[in-house]
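Take a moment to look over the model before reading on. The paragraphs below start at the ligand, go on to a pocket and end in a loop.

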Amino acid sequence: MNVIILGDGGHSRVIQEMIFCCEEHKVTAILDDKYDQRFQEKGMVHAPISYLVKLFRYDTKVVVAIGGNEIRRKIVQSLRLLPKHYLTVIHPTAVVSKSARIGNGTVIMPNAVVNANANIGMHCIINTGAVVEHDNVIGDYSHVSPNGTLAGNVTAGEGVHVGSSATVIPGKHLGSWSVIGAGSTVIEHIPAYSKAVGSPTRIIERILIKEK
Ligand SMILES: CC(=O)SCCNC(=O)CCNC(=O)[C@H](O)C(C)(C)COP(=O)(O)OP(=O)(O)OC[C@H]1O[C@@H](n2cnc3c(N)ncnc32)[C@H](O)[C@@H]1OP(=O)(O)O
């Protein structure tokens, strides 16, 4: 399968290595607006994101490899591709239950665990060593950072960012576009558009997100 990767920063480099290591797919292009013109390197086209329309073919899959949840959503919405055109990338060392559902465009990084009956939306990042326990429901564009732990039956809306090594106890809800600070412990539901930090968390800020 030919793959085009959008984004060429640190998060993208991890995804590139994940795809290269498996040799199942061929990366044909890496597009990023930091490039102002098209060039070829190591057999791949590098060009601005606007080149996607020229390079996309019926058998191409796309990964939006940009760490920022809001920017990832903005790019996906601007592309207007069908869900089937997005590649789901799962590192071979990740443990993903057969009963878990993983949305298109989502990436599951090395040593992450997604347990029974978890339901992860589209374009999410389950980062290195993160744990998404049984029966979690995670909305599109969410990110569980390295070593973040969502205990059983946690639910998260769209665009949630769980910081590195944060923990959410069972059954709690993280509202859409909420941000949980690194190392924090969530023991209460978190309202949408809130930034919460500490153990247990306190809400420090309401977040402004531009709607669709
Ligand atoms: C592979 C990868 O790298 S994936 C990326 C993973 N990224 C992360 O895990 C980053 C998560 N981000 C954080 O934890 C950030 O600190 C945020 C987003 C929670 C807050 O950032 P900001 O909005 O810039 O907050 P700021 O630094 O101004 O701090 C505001 C207050 O919250 C406190 N605070 C900020 N973060 C935390 C935290 N993680 N835990 C406890 N308290 C915190 C600060 O001490 C400060 O307190 P004060 O007002 O009493 O002095």
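A polar contact is a pair of N or O atoms within 3.5 Å; within protein, one must be able to donate a hydrogen and the other to accept it, and residues adjacent in sequence count only if both atoms are side-chain atoms. This is a predicted model, where local features need pLDDT of at least 70 and side-chain atom pairs count only at pLDDT 80 or more, while totals for chains, interfaces and linings use all residues. Residues are numbered from 1 along each chain as its sequence is written, and side-chain values use heavy atoms, with hydrogens and water left out.

Start at the ligand. Ser164 places a backbone N or O atom 2.7 Å from an oxygen atom of the ligand. A polar backbone atom of Ala182 lies 2.8 Å from a ligand nitrogen atom. Lys195 uses its side chain: a polar atom there is 2.6 Å from an oxygen atom of the ligand. On its own, the ligand has 980 Å² of accessible area, and the protein covers 42% of this (Shrake-Rupley method, 1.4 Å probe).

Now turn to the largest pocket. A pocket is an open set of points on a 1 Å grid over the protein atoms alone, with protein on both sides within 12 Å along at least five of seven lines; lining residues have an atom within 4 Å of a point. Helix H1 (10-22) and strand E4 (44-47) each supply at least two lining residues. H1 gives the most, with 4. The lining includes Arg13, Phe20 and His46. It divides into 3 nonpolar, 2 polar and 4 charged residues.

Finish at Ser184, in the loop between strand E21 (179-180) and strand E22 (185-186). Is Ser184 buried or exposed? It counts as buried because its relative accessibility is 3% (buried means under 20%, exposed over 50%, partly exposed in between; 1.4 Å probe, protein chains only). A polar atom of the Ser184 side chain lies 2.9 Å from the backbone nitrogen of Gly198.

Terms used. 1 Å grid on protein atoms, 1.4 Å probe; cavity = no way out; pocket = protein on both sides within 12 Å on 5 of 7 lines; lining within 4 Å. Nonpolar A, V, L, I, M, F, W, Y, C, P; charged D, E, K, R; others polar.
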